[in-house]
2 protein chains.
Amino acid sequence: MGVTKTEVFSEKENRIADLAKAFAHPARVAILTYLSENRTCICGDLVEALPLSQSTISQHLKELRRIGIIKGNIEPPKVCYCINEEVWQEAKLTFGLLLNAYQGCGC
Amino acid sequence: MGVTKTEVFSEKENRIADLAKAFAHPARVAILTYLSENRTCICGDLVEALPLSQSTISQHLKELRRIGIIKGNIEPPKVCYCINEEVWQEAKLTFGLLLNAYQGCGC
DNA sequence: AACTATTATCGTAATATTGCGTTATATAGA
DNA sequence: TCTATATAACGCAATATTACGATAATAGTT
C-alpha cells in the first residue's frame, strides 16, 4: 500500500522513526551538517552549497521543519534556518538511549 | 523523480543516510528494539510480536540485512536474527559524532 | 507602484516504499 | 517420503518520496 501503519505502533516508535527520517536522506544529512557546523546559521546559501535545485532543497527544509529539527527565522527577504536545539537534544537522547540499550547477544 | 542522487553526495553522507534508514520506519524500530532487548536473539516470534504480516516483516528484515545492522544465523528450521555488533557500534559512533558536532548557534 | 531578491508552492514525472496474499523453498522429525 | 513449520521470494496495488522547472508569494528598495 505504501501507507505506513502508524496507528499500530507506539508514539515513541513513530517519533523515533520521524527523527531518524531527518537523517535518512543524504541531502538532509548534508543540510543538517551544514547548519550544525555553521553556528551563525547562515542560510539560503544552502542552495549554493548543495548540488540540488532550490525547489528540491526547499522541500527538504520543509520536511525538516515538519519534524521540528530545524526552525526558520524570517529576515526579509531571507529566511535564516538553524537547528532547533531542543529537538536536536531530543534526537541525541533518543538515539543514545536506543543504541546503548543493546549490550551484546549470546549467539 | 523519486531517485535519490546518491552520486552527488559523499560516501559518508550516503552511509549515514542508510544507517538512519534502519530506524526510519516504526516497524524497523520495533524490530531492532526487540532484537536489542532480547539478548538471546530469539527470532521468528517477531511475527507474533508485531502487528504485521510475515511477508511484510520479512521485507523489513531484508532491508535491515542490506544495511548490515542485523544478521541471520541459520538454525533449521528457524533463522535466528540478531544485531550485528560491528554495525551497531558504527551507528552509535556515527550518530554520536554527528549529534555532538553541534554546539549551539548564535541566533 | 514597479523592481529585485529570496523562498515557497504547484504541477508533473519517475522511482521507491509499504503491505499483503500467495507461492516457493528448506529442514526437522514422524 | 510425507508433513509441519519457518522463512524467502514473487507479484500486485496503493501511497510516498525525490527531483525539478515554472510560477507565486513576500518583503524590502527605489
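How many residues of chain B are in contact with chain A? Some notes on that and on one helix follow.

1. Ground rules: this is a predicted model, where local features need pLDDT of at least 70 and side-chain atom pairs count only at pLDDT 80 or more, while totals for chains, interfaces and linings use all residues. Residues are numbered from 1 along each chain as its sequence is written, chains are lettered from A in the order in which they are written, and side-chain values use heavy atoms, leaving out hydrogens and water.

2. To the opening question: 41 residues of chain B are in contact with 40 residues of chain A (heavy atoms within 4.5 Å). The two chains bury about 3900 Å² between them, 71% of it on carbon and sulfur atoms; that is accessible area (1.4 Å probe) lost on putting the two parts together, summed over both.

3. On the chain B side that touches chain A, α1 (11-21), α2 (26-37), β2 (78-83) and α5 (85-100) each supply at least two residues. α5(B) gives the largest share, eight residues. Helices (H or I, at least four residues) and strands (E, at least two) are DSSP runs, numbered from the N terminus.

4. Now α2(B): nine of its twelve residues are buried, so this helix is largely enclosed by the rest of the structure. Buried means under 20% relative accessible area (1.4 Å probe, protein chains only). Among the buried ones are B:R28, B:I31 and B:S36.

5. Geometry check on α2(B): at 1.5 Å a residue, its twelve residues should span 16 Å, and the end C-alpha atoms are 16 Å apart, which agrees. The expected span is 1.5 Å times one less than the number of residues.

Methods. Buried means under 20% relative accessible area, exposed over 50%, partly exposed in between (1.4 Å probe, protein chains only).
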